[in-house]
Every structure is written in structure tokens, then in C-alpha cells.
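Thanks, everyone, for making time this morning.

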Amino acid sequence: KFSLLILLSVGVIFVVVAAWAYYITRVKVLNDANEKAELNLSRACDIVDGHLQIVEVSGYGLASMFMTSEEKHCPDGDYLSFRLEGDKIGTDKEVYDLIEQFVSANPHLWGAAMGFEPNVYPEYGEAGFAPFVRHADNTFVHFNLPDENNAYREDDWYAETKRMDKPRWSHPFVDVRGAIIACFCIPIHN
């Protein structure tokens, strides 16, 4: 009986110690996993923020080409408003070339578009002119958004930016080619 009592006591002590060790190890592993996950998430957020900032700075760089010298000083500091000098920035080919150069010089960009109000480029009629250039393999694809059955002036990236009249990120959306994208949008006025 005495041996059974000792064996039972040792067994209970062993189970209690094993349960306690399991609990302590589990808490330690979970804490370490949470710390590692938070660190990885923080690093991922920093990487994404860096890419987003590069896209924003790139967009401002392109838009600054259309600003007058007075507007470049941004006196109120709230947001920048850009204005075209004259009715157009060039022929439609020159606009496509400008966007391609912009996308080519900015590897963080998948593509870029400029959406114009109707009759800025009268040859495109009421459907409008919204040249889009994107990377495709080792080349670029050019197309006019209205040619892809896209009423771009109703899309968030265009309509909300026009309504708010300040630079902003669009909500993510599926573009005319099926890609999920978000746009940094800057209104430009003439």
C-alpha cells in the first residue's frame, strides 16, 4: 500500500509539473509568436508605406510639370491644386509618350492614366480621352479607357477625385483588364 501511495503521489506530482511546464511553454511560445508576428507586420507595413509614399511622390512629380510657378509654393499648405496652361498638354501621342516615360521611370507603378473631361480632346467625342499605359512583360500597353467600354468619369478614381478636388487614394477596384488596383489620384485643372 505504501509503495502504491508513493507511486500515486509521484504520479500526481509528475502530472502537475508536466501541466505547469506545458502551460509555461505554451505561454512562452505564444508570446514569442505574437512578438515575431508584430515585428513582421510592422516591417511589412513599413515596406507598403514606403511603396505608397514613392507612388505619391512620383504622382506629385508628374503633376508638378503642369503647375504654374505661383502654385508651386502652396501657400495654404492644405493640398496642391494643379492647372494646365492652355487647353491640352499635347497631342494624344505625346500624352501616351509622357505617361509611358513616367511609368518607365517609376518601377513601383504598374501603370498610369490621365482622364480628361469631354472635348478637351474633341477628336475623342463625348466618350472622352483617358489614356492608360501599363507594364506588360518587357513592354508597355497603351489604350484609351473609353475604348474598353469604361465610363471612367463615373469611376471612383475620377469622380471622387473631381468631387473632392484634392489628391487622394482611390478605393481598390477591378480594372478593365481584371487586375485589382488602387490609384493615387491628383486633380489637374485648366
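In which helix do Trp20 and Tyr23 both lie, and how many residues apart are they? Both are in helix α1, which runs over residues 2-64, and they are 3 residues apart, or about one turn of the helix. Please keep in mind throughout that this is a predicted model.

Let me stay with aromatic rings for a moment. A pair of aromatic rings is described by the distance of the centres and the angle of the planes. The search over the whole structure returns 13 aromatic pairs. For Trp20 and Tyr23 the ring centres are 5.9 Å apart and the planes meet at 35°, so this pair is classed as tilted.

A second pair, Tyr124 with Phe129, is stacked, with 4.4 Å from centre to centre and 20° between the planes. Here Phe129 is buried, at a relative accessible area of 1%, while Tyr124 is partly exposed, at 23%. These two residues also belong to one aromatic cluster, together with Tyr96, Phe116 and Tyr121. Elsewhere, a charge meets a ring: the charged end of Arg153 sits over the ring of Tyr152, at 5.4 Å from its centre.

Now to the helices. With its 63 residues, α1 should span 93 Å at 1.5 Å a residue, and since its end C-alpha atoms are 91 Å apart, the two values agree. The buried residues of α1 are Val55, Ser58, Gly59, Leu62 and Ala63.

Helix α2 covers residues 92-105, and its 14 residues reach 20 Å from the first C-alpha to the last, close to the 20 Å expected. Its buried residues are Val95, Tyr96, Leu98, Ile99, Phe102 and Val103. Because they cover an arc of only 160° around the axis, they fall on the same side of α2. Lys93, Gln101 and Ala105, by contrast, are exposed on the other side of the helix. What do the buried residues of α2 pack against? Their partners are α1, β2 (111-113), β3 and β4 (139-144). Tyr96, then, is both one of the buried residues of α2 and a member of the aromatic cluster.

Two further residues deserve a look. Arg134, in strand β3 (residues 131-136), counts as buried, because its relative accessibility is 14% and the cut-off for buried is under 20%. Beyond its neighbours within four places in sequence, Arg134 is in contact with Trp110, Gly111, Thr139, Phe140, Val141, Phe143 and Arg177. Ser170, for its part, lies in the loop between β5 (168-169) and β6 (173-174), and is buried with a relative accessible area of 6%. Setting aside residues up to four places away in sequence, Ser170 touches Asp156, Trp157, Ala182, Cys183 and Cys185.

Finally, the whole chain. The protein has 3 helices and 9 strands, which follow one another along the sequence as α-β-α-β-β-β-α-β-β-β-β-β. Of its 190 residues, 27% count as buried, and the accessible surface comes to about 12700 Å², with 59% of that belonging to carbon and sulfur atoms. Among contacts with a separation of 6 or more, residues 24 or more positions apart account for 49%.

Note on methods. Residues are numbered from 1 along each chain as its sequence is written. This is a predicted model: local features need pLDDT of at least 70, side-chain atom pairs count only at pLDDT 80 or more; totals for chains, interfaces and linings use all residues. Side-chain values use heavy atoms; hydrogens and water are left out. Rings of Phe, Tyr and Trp (its six-membered ring) pair if their centres lie within 6.5 Å; planes under 30 degrees apart count as stacked, over 60 as edge-to-face and the rest as tilted. Helices (H or I, at least four residues) and strands (E, at least two) are DSSP runs, numbered from the N terminus. Buried means under 20% relative accessible area, exposed over 50%, partly exposed in between (1.4 Å probe, protein chains only). A charge sits over a ring if NZ of Lys or CZ of Arg is within 6 Å of the ring centre and within 35 degrees of the ring normal. Contact means heavy atoms within 4.5 Å. Accessible areas come from the Shrake-Rupley method with a 1.4 Å probe; for residues, only the protein chains shown count as cover. The expected span of a helix is 1.5 Å times one less than its number of residues. The arc is that of the directions from the helix axis to the C-beta atoms.
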